[in-house]
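Thanks for coming. I will go through one structure today, starting with a term we need and then moving on to the charged residues.

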Amino acid sequence: MKNTSHTDNIKRKVLLVVNTQFPYGKSEDFLSNELEYAVGFDEIICFPILVNGSKTAQDIIYKKPKENVTFYNSAFSYKSWQVTPKLLLQTLTDSKLYKELWLLARTARFTLRNIKQLFLFLFIAHNTLNTLDRILKEKYKDCDITLYSYWMHISAFVIIELKKRFQNSIHIEKEITRCHRFDLYEYADAGLYLPMRRYILSNMNEIHSISNDGIMYLKNWYPTYSEKLKLSRLGCLDKGVKIFPKTDTLRLVSCSWMRPVKRVSAILEAVSKLSVKTEWVHYGDGEEFEMIKNKVAQLNNPLVSVTLMGAYSNEKVLEHYAVKPYDVFINVSENEGVPVSIMEAMSFGKIIIATNVGGTAEIVENEVNGFLLDKDFAIQELVDILSKIALMEAEQFDEMCLNSRRIWEERSDAAANYEKFYQQLKPAI
């Protein structure tokens, strides 16, 4: 009789990460850092739900991932004529569609916008499920799989449906989701609606919010699921603290998409009113770039210079933070989770000005490492804070810079935060 060793019976441990565009699209760059800390898995699979068609290693726009990371994506776009009839049928025959429509009607949110949002949500989800169903059956049916959704949105729905499909054929260790901002705060959505919210909350093993604010929000609106909630902060890598001596020039930097929600034009308006020598540099582009560029060209303040850098990779931005003598980082967004852009600036020891939205106040302490503005602040309030920093004594200025670095070390160090997160995900041996 052949002897079977203990190791022959051990199944391969696989982590399936369902996200939106990583590693091919211009989002989720923080995932490239996070996955460096994923331990305890023989293989990591990333499946971006909004990427389709044949892809090669040359299509990856981020740094080369760990050797045990495999990337898949849908062969077909959900907009493709080749799959549209099938997806229409799957969506229209999904009983969850009609239960959710009834919920919209009962909660006075039965609008054309919300109906379209729900339909597209399920349409994309079924396209993803069709591909993942085939991949798991063909290549991973004898593995122990942990399902991880990076967003509490379509990808979270997908991993719940995968668990149900394979509950009797593939061993699923657990399914978890992160939640950030757009996928968390219903009040921030134009229709006050995020599809399949109760379904996701009720069927998910664990829900990892990146902020305490997110946990309190969910506890308040969905107290039934409080025991599932965990705090798992994001973070950024340590590129070394770099505090430059204070000078007579106020040196400002900001980094964000140029979209209405980010209110970059409000920064420009405040800067244009300053009566101290000021240099402001902004990294990022978007639909408001040309409009703001035109306003900069019309700026009539000899004390103020503005430089719009346009699109820059995250890696290049951080390289600039290490050598450019920026003093203050500004983020005046209308809503946020916990901005990685602020964490990055803090890691270098920059003073922060930010709006008190989402979980921002969990890393920016007013008059300790920065200044918090109300969400609906007046431009003059930002002007006053900028002027205050410009006139600040060097000793107080240096102390605030050091506080920024200290708070980053305590709360936003990627190495510490991600190691802790993956210790929770690590499968049982």
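What you see is a predicted model. With that naming, Glu 334 is found in the loop that runs between strand E11 (328–331) and helix H11 (340–347).

Now the overall picture. The protein has 14 helices and 13 strands. The C-alpha trace spans about 80 × 55 × 45 Å along its principal axes. A compact globule of 429 residues would have a radius of gyration near 22 Å, and the protein has 24 Å, which agrees. Of those 429 residues, 55% count as buried.

Back to Glu 334. Is this residue buried or exposed, or in between? Glu 334 counts as partly exposed, because its relative accessibility is 31%. On the surface, Glu 334 gathers with Asp 374, Asp 376, Glu 381 and Asp 384 in a patch of negative charge.

Next, the paired charges. How many salt bridges does a search of the whole structure find? It finds 23. I will show a few.

The side chains of Asp 94 and Lys 96 meet with an N to O distance of 3.1 Å. Asp 94 counts as buried because its relative accessibility is 6%. Lys 96 has a relative accessible area of 15%, so Lys 96 is buried too.

Another salt bridge joins the side chains of Arg 109 and Glu 186, at 3.6 Å, N to O. Arg 109 lies in the loop between helix H3 (95–106) and helix H4 (112–139), and Glu 186 in the loop between strand E5 (171–179) and helix H6 (197–203), so the pair ties together parts that are 77 residues apart in sequence. Both Arg 109 and Glu 186 are buried.

Then there is Glu 362, in a salt bridge with Arg 233; their closest N and O atoms are 2.9 Å apart. This pair also links distant parts of the chain, 129 residues apart. Glu 362 sits in the loop between strand E12 (351–355) and strand E13 (370–373), while Arg 233 sits in the loop between strand E7 (229–231) and strand E8 (250–255). Glu 362 and Arg 233 are both buried.

Definitions and conventions:
Residues numbered from 1 in each chain as written. Predicted model: local features only at pLDDT ≥ 70, side-chain atom pairs only at ≥ 80, totals over all residues. Heavy atoms only, no water. Patch = residues over 30% accessible without salt bridge, like charges linked within 9 Å, V, L, I, M, F, W, Y side chains within 5 Å. Areas by Shrake-Rupley, 256 points an atom, 1.4 Å probe, with all protein chains shown as cover. Salt bridge = Lys/Arg side-chain N within 4 Å of Asp/Glu carboxyl O. Lys, Arg positive; Asp, Glu negative; His and termini not counted. Charge placed at Lys NZ, Arg CZ, Asp CG, Glu CD. Helix = DSSP H or I, 4+ residues; strand = E, 2+ residues; numbered from the N terminus. Buried < 20%, exposed > 50% of the residue type's maximum accessible area, 1.4 Å probe, protein only. Rg over C-alpha atoms; globule rule 2.2 N^0.38 Å.
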